[in-house]
Structures are given as C-alpha cells and as structure tokens.
Amino acid sequence: MLISVAIVEDNKETLDGLSMLLSKAGTMRVVGCYRTGESALDELPVIKPHVALIDLGLPGISGTDVIKGLKGQMPLLQMLVLTAHEDKEHLFTALKAGASGYLLKDSPPAEIIESIEEIHNGGSPMSPKVARYVIEYFNEMELKRRRIEAVLTERETEILNGLSDGLTNKRLAGRLFISTHTVRTHIKNIYEKLHVHSKVEAVMRAKREGML
C-alpha cells in the first residue's frame with residue numbers, strides 16, 4: 001500500500017517540487033497540497049493522510065500551531081517537519097507540539113523520501129544538525145539527574161517521588177512507615193538541597209532535571 005502524504009508549504013515552487021519528487025518515489029502518493037496552516041487544519045482531518053510534511057514558516061497560523069492542532073484531531077497522524085530553521089527553539093517546540101521527525105530544507109531529495117518512509121514505519125528521522133541537539137539535551141538531562149541523585153539521599157528521593165504523586169505528609173508517612181515529623185524534616189532538607197521553597201517547586205525542578 002502506498003503511503004499517503006499531505007504537504008503543507010507556503011512557497012509554491014517548493015510545494016510543486018516536493019509534490020513532484022514524492023509522486024515519482026514509487027512508495028507514496030500525494031493526497032493534498034496546502035499553502036496555509038488554516039487550510040491544512042480544515043482538510044487533513046477529512047482526507048486522513050498517513051504522513052504530513054509541514055513547513056514551520058507559514059503565513060498566518062504557524063507550522064508549530066498546525067502540528068499542535070492536527071495532533072489534537074488526529075493523534076495517529078505522523079508529522080514530519082521540513083524547515084529552514086535549525087535552531088534548538090524551533091526544534092524542541094515542534095517536537096513538543098507533536099512532530100515525530102525534523103528535516104532541514106537543504107536535505108537531499110533521497111533523504112526526504114527515506115524519512116517519510118521511516119516515519120511511516122514508526123521511526124523519528126532527523127537531520128544530523130538537529131539530531132545533535134537532541135542527543136546533547138538528553139546527555140544534559142542525564143547529568144542533571146545524576147547530580148540530584150548524588151545530592152539527595154535514598155529516603156529523600158522516595159519523599160520527592162511521593163510529592164510528585166500528590167501525597168500529603170500524612171500519607172507519605174504511612175507509605176514509608178515513618179512519622180509525619182520525619183517527613184517534614186526530609187522535605188525541609190530537600191528544599192535546601194534543591195534551592196526551592198515549596199513542594200511544587202521541588203517537583204518541578206526534579207522533573208526539569210530529568211529525575212522524575
């Protein structure tokens with residue numbers, strides 16, 4: 001079965017070139033071409049393509065907002081960004097919105113075709129330049145997690161996980177078979193070690209640092 005692909009790209013020359021490239025690939029068919037995010041949001045839920053190739057620099061509603069909107073309407077749709085933006089902000093914003101892959105517009109035609117096939121088969125293709133950012137991000141998260149774990153005791157980590165679960169001091173005490181006074185003491189120590197002033201801040205920092 002051919003992979004059905006929709007293209008969202010405001011530049012007509014680029015749009016036509018991509019449509020021709022994909023149509024000749026032999027493994028896919030182009031089922032829709034859209035030059036605005038608004039038209040894509042209206043039409044894609046109707047035609048239900050397997051993959052959407054989306055530019056981020058669209059007029060009107062941004063490509064990231066298109067991705068977010070389509071993700072809400074079509075959770076199974078695989079969305080592959082094709083953009084000139086190679087910075088971290090655009091990359092992570094698009095991935096958080098629901099994109100499963102990220103290519104730069106200087107990617108060779110063969111790589112674009114292979115990436116569409118890969119994302120359709122469950123992969124997450126990325127251009128080497130932006131893939132490096134993802135690797136660096138996870139390496140940084142791992143280092144931060146290790147630093148926190150080195151700072152907190154095993155009991156404090158258990159307390160922190162309980163706070164993340166929304167447990168009260170009393171319920172935490174019952175879970176860990178300790179007194180509420182001991183729970184409060186551990187929480188005070190956690191605040192000091194993480195440089196925070198509330199349970200919410202402690203949990204948010206732990207999640208931000210990749211511990212929870």
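How many bridges join β4 to strand β5, and in which sense do the two run? There are 4 of them, and the strands run parallel. Keep in mind that what you're looking at is a predicted model.

**Strand β4 and its partners**
- One partner of β4 is strand β3 (residues 51–54), paired with it in the parallel sense over 4 bridges.
- To spot that pairing, look for L53, which stands opposite L80 in β4.
- The other pairing to look at is with strand β5, residues 101–104.
- Here L82 is your landmark, standing opposite L103 in β5.

**How the chain links these strands**

**Helices α7 and α9**
- Helix α7 (residues 154–164) and helix α9 (residues 180–194) have axes that come within 10 Å and cross at roughly 95 degrees.
- Angles of 65 to 115 degrees count as roughly perpendicular, which is why α7 is described that way relative to α9.
- On the α7 side, the contact is made by R155, E156, I159, L160 and L163.
- From α9 come V183, H186, I187, N189, I190, K193 and L194.
- Sorted by class, this contact of α7 with α9 has 7 nonpolar, 2 polar and 3 charged residues.

Terms used:
Residues are numbered from 1 along each chain as its sequence is written. This is a predicted model: local features need pLDDT of at least 70, side-chain atom pairs count only at pLDDT 80 or more; totals for chains, interfaces and linings use all residues. Side-chain values use heavy atoms; hydrogens and water are left out. Two strands pair if DSSP finds at least two bridges between them. Axes are lines fitted to C-alpha atoms, for helices over the stretch in contact, and angles run from 0 to 180 degrees between N-to-C directions. Angles under 35 degrees count as roughly parallel, over 145 as roughly antiparallel, 65 to 115 as roughly perpendicular and the rest as oblique. Contact means heavy atoms within 4.5 Å. Ala, Val, Leu, Ile, Met, Phe, Trp, Tyr, Cys and Pro count as nonpolar, Asp, Glu, Lys and Arg as charged, and the others, Gly among them, as polar.
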